[in-house]
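Here's a friendly walk through one protein model. Have a look at the picture first, then read on.

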Amino acid sequence: MNNGSGDGPTVAQKALALLAAVRDTGPLAVAYSGGADSALVLAAAVRALGAEAVLAVTAESESLAAGELTAARALARSLGVVHVARSTRELDSAGYRANGPDRCYFCKSEVLDSIAAVAREHGFRQVATGTNADDAADLFRPGIRAGRERGIRTPLLEAGLTKADVRAISRLWSLPTWNKPATPCLASRIRYGIPVTRYRLGRIDRAETAVREVLDRAGLRSAQLRVRDLGDRVRIELDGEVAGEAARLPDLAQAVAGAGFGGLPLTVDAFASGRLNHERQAAADGPPVARYRS
């Protein structure tokens with residue numbers, strides 16, 4: 001990431017490129033999860049077009065982690081943008097429930113169709129997402145195909161912005177999401193081939209909340225936290241420097257069991273992004289930090 005000392009564009013110049021991409025799109029509805037990427041697109045749209053030319057739409061379903069909608073609403077309010085939360089029905093899709101490697105395609109298809117419908121109801125023809133250049137470079141992103149099929153705009157990608165650029169511009173603009181950890185949908189915690197159900201999503205959400213409470217009581221902070229449903233066992237993933245200490249907390253296994261994972265072997269390990277993707281699975285399942293029977 002260049003900050004102005006090298007030959008590449010500065011953060012400010014990259015921000016201008018983003019604003020130009022948004023202006024080229026015109027009035028738009030933003031598929032807005034409240035994460036760093038979609039928050040930056042929303043903020044850029046307000047700067048480039050004015051709040052009256054922007055609509056924020058959040059897909060609300062069982063796969064949205066607790067607390068995310070509240071935070072998303074607060075930021076949209078601070079930007080002066082009309083914000084709509086629309087319930088989506090991913091679980092009605094057999095392809096989504098089957099939880100194959102293409103699960104995200106079925107999820108994004110439902111989400112984007114719902115958001116596009118909300119956009120039309122409010123007089124907007126264009127929908128934009130927070131897909132960035134790093135996302136597009138990842139070959140294992142079936143959800144991006146759903147967006148391309150629907151003509152969804154991607155201002156971050158169009159401006160050539162990476163995840164690091166997103167955070168740098170967000171910090172430049174004083175957005176509270178500039179250092180927010182990634183918060184992918186809860187279904188991404190379930191190993192491929194294990195059906196996605198309302199119960200599984202709910203217990204993952206409860207378990208992550210319970211684990212965070214245990215860490216807070218112990219004075220431990222982990223930017224990353226995932227509870228992975230592996231079918232016959234459960235794995236907690238935390239920042240590497242925290243995982244070892246957390247594994248020794250006696251309340252951890254009890255908290256996860258109380259959330260609905262009772263009777264399953266528990267592993268505490270270092271967080272690894274995309275760990276459940278098939279092409280990464282073999283390399284990812286290395287020696288755990290610690291094991292418990294919950």
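## Ground rules

This is a predicted model, where local features need pLDDT of at least 70 and side-chain atom pairs count only at pLDDT 80 or more, while totals for chains, interfaces and linings use all residues. Residues are numbered from 1 along each chain as its sequence is written, and side-chain values use heavy atoms, with hydrogens and water left out.

Helices (H or I, at least four residues) and strands (E, at least two) are DSSP runs, numbered from the N terminus.

## Helix α1 and its two partners

Let's start with α1 (residues 11-25) and α2 (residues 36-49): their axes come within 9 Å and cross at roughly 75 degrees. That makes α1 roughly perpendicular to α2; the label covers 65 to 115 degrees, while under 35 is roughly parallel, over 145 roughly antiparallel and the rest oblique. Axes here are lines fitted to C-alpha atoms, for helices over the stretch in contact, and angles run from 0 to 180 degrees between N-to-C directions.

Who touches whom? From α1, Leu18, Leu19, Val22 and Arg23 meet Leu40, Ala44, Ala45, Arg47, Ala48 and Leu49 of α2, with contact meaning heavy atoms within 4.5 Å. These residues split into eight nonpolar, no polar and two charged. (Ala, Val, Leu, Ile, Met, Phe, Trp, Tyr, Cys and Pro count as nonpolar, Asp, Glu, Lys and Arg as charged, and the others, Gly among them, as polar.)

α1 also packs with helix α9 (residues 163-172), at an angle of about 95 degrees and with the axes 10 Å apart. So α1 and α9 are roughly perpendicular to each other. In this contact, Val11, Ala12, Lys14 and Ala15 of α1 meet Asp165, Ala168, Ile169 and Leu172 of α9, giving six nonpolar, no polar and two charged residues.

## The rest of α9

The buried residues of α9 are Asp165, Val166, Ala168, Ile169 and Ser170. Buried means under 20% relative accessible area, exposed over 50% and partly exposed in between (1.4 Å probe, protein chains only). They pack against α1, α2 and α8 (155-158). Just after α9, serine 174 takes a positive phi of about 60 degrees.

## A four-strand sheet

Now for the strands: four of them form an open, parallel sheet in the order β3-β2-β1-β4. Two strands pair if DSSP finds at least two bridges between them. β3 (82-87) and β4 (126-128) stand at the edges with a single partner strand each, so one side of each has no neighbour in the sheet. From one strand to the next, the twist averages 30 degrees.

Six bridges join β2 (residues 54-60) to β3, and valine 57 has valine 84 in β3 as its bridge partner. Helix α2 lies across β1 (28-31), β2 and β4, running at about 165 degrees to β1.

## Helix α5

α5 (residues 103-121) has 19 residues and reaches 28 Å from its first C-alpha to its last, close to the expected 27 Å; that expected span is 1.5 Å times one less than the number of residues. Its buried residues include Tyr105, Leu112 and Ile115. Among the elements covering the buried residues of α5 are β1, β2, β3 and α7 (142-149). Glycine 123, which follows α5, has a positive phi near 85 degrees.

## A loop residue

Is aspartate 232 buried or exposed? At 52% relative accessibility, aspartate 232 counts as exposed. Aspartate 232 sits in the loop between β5 (225-229) and β6 (234-238). Leaving out residues up to four places away in sequence, aspartate 232 touches Leu264 and Pro265.
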